[in-house]
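Please read it with the sequence and the model side by side.

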Amino acid sequence: MTEVIRAEIEVEAPASAVYDQWARLEDMPHYMSMVKSIERLSENRTHWVVNVGGVEREFDAVVTEAVPNQRIAWASEGEKVHTGVVQFTPIDAERTRVELEMGWVPETLTEKAGALLNLDERAASSDLKRFKELMEGGGGGNRVGADPDLAF
């Protein structure tokens, strides 16, 4: 059964800057605690290494939707199920609501227990707080240092 994780936060930054940062998927390990690395394989394909409940998983994912300044969605390819969508809703010119939804299938007993206790949802909320700190830390939209030309 697919576990669905939801979290949201308000960020003091324009939707375009928030979108631009999130579109650099390779930067996710800087703020998403379960994501160890993301390597871009092509414009819309990436290779992920994640650690969930002490279990390392690797999979390839494809960006299924990229609507500039509004929404990014991705889904894994192959047997490991991992999906995600993040929406960026402008509150005003300088504030954006970020809504994250991810889905995955817990396999081990530890993963299933963590899902049952909502540990993954709490981790996602903490991750969005780190993302907020990154975005509000000063400077422009390219805060982590990735090449903006590699974004979607």
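This is a predicted model: local features need pLDDT of at least 70, side-chain atom pairs count only at pLDDT 80 or more; totals for chains, interfaces and linings use all residues.

Two or more lining residues come from each of strand 3, strand 4, strand 7 (95-104) and helix 3 (119-135).

Rolling a probe the size of a water molecule over the atoms shows where empty space is left.

## Overall organisation

The protein chain contains 3 helices and 7 strands, and from the N terminus on these elements follow the order β-α-β-β-β-β-β-β-α-α. Of the 152 residues in the protein chain, 39% are buried. Among contacts between residues at least 6 apart in sequence, 52% join residues that are at least 24 apart.

Leaving aside residues up to four places away in sequence, Met28 touches Trp22, Val35, Ile38, Trp48 and Trp74.

Helix 1 is itself mostly covered, since 7 of its 9 residues are buried under the cut-off of 20% relative accessible area. The buried residues of helix 1 are Ala15, Ala17, Val18, Tyr19, Gln21, Trp22 and Ala23.

## Strand pairing around strand 4

Strand 3 (residues 45-52) pairs with strand 4 in the antiparallel sense over 8 bridges, and in this pairing Trp48 stands opposite Phe59 of strand 4. Strand 4 is also joined to strand 5 by 7 bridges, again in an antiparallel arrangement, where Val63 has Trp74 of strand 5 as its bridge partner.

Glu56 has its place in strand 4. Which residues does Glu56 touch, not counting those up to four places away in sequence? They are Val49, Val50 and Asn51. Glu56 counts as exposed because its relative accessible area is 53%, which is over the limit of 50%. The C-alpha atoms of Glu56 and Met34, 22 residues apart along the chain, are separated by 9.3 Å.

## The turn at Asn69

Strand 4 and strand 5 form a hairpin with 3 residues between them, and Asn69 lies in the loop that runs from strand 4 (55-67) to strand 5 (71-77). The phi of Asn69 is near 65°, a positive value in a residue other than glycine. Most residues other than glycine have a negative phi. Asn69 has a relative accessibility of 31% and therefore counts as partly exposed.

## Pairing at strand 7

Strand 7 is paired with two strands, and both pairings are antiparallel. Strand 1 is joined to strand 7 by 9 bridges, with Glu3 standing opposite Trp104 of strand 7. Strand 6 (residues 82-92) pairs with strand 7 over 10 bridges, and here the bridge partner of Gly84 is Met102 of strand 7. A hairpin through 2 residues joins strand 6 to strand 7.

Glu12 is found in the loop between strand 1 (3-11) and helix 1. Is Glu12 buried or partly exposed? With a relative accessibility of 44%, Glu12 counts as partly exposed, because this value falls between the limits of 20% and 50%.

Not counting residues up to four places away in sequence, Glu12 touches Glu94, Arg95, Lys132 and Glu136. The C-alpha atoms of Glu12 and Glu133 are separated by 9.5 Å, although these two residues are 121 residues apart along the chain.

Technical notes:
Residues are numbered from 1 along each chain as its sequence is written. Side-chain values use heavy atoms; hydrogens and water are left out. Helices (H or I, at least four residues) and strands (E, at least two) are DSSP runs, numbered from the N terminus. Buried means under 20% relative accessible area, exposed over 50%, partly exposed in between (1.4 Å probe, protein chains only). Contact means heavy atoms within 4.5 Å. Two strands pair if DSSP finds at least two bridges between them.
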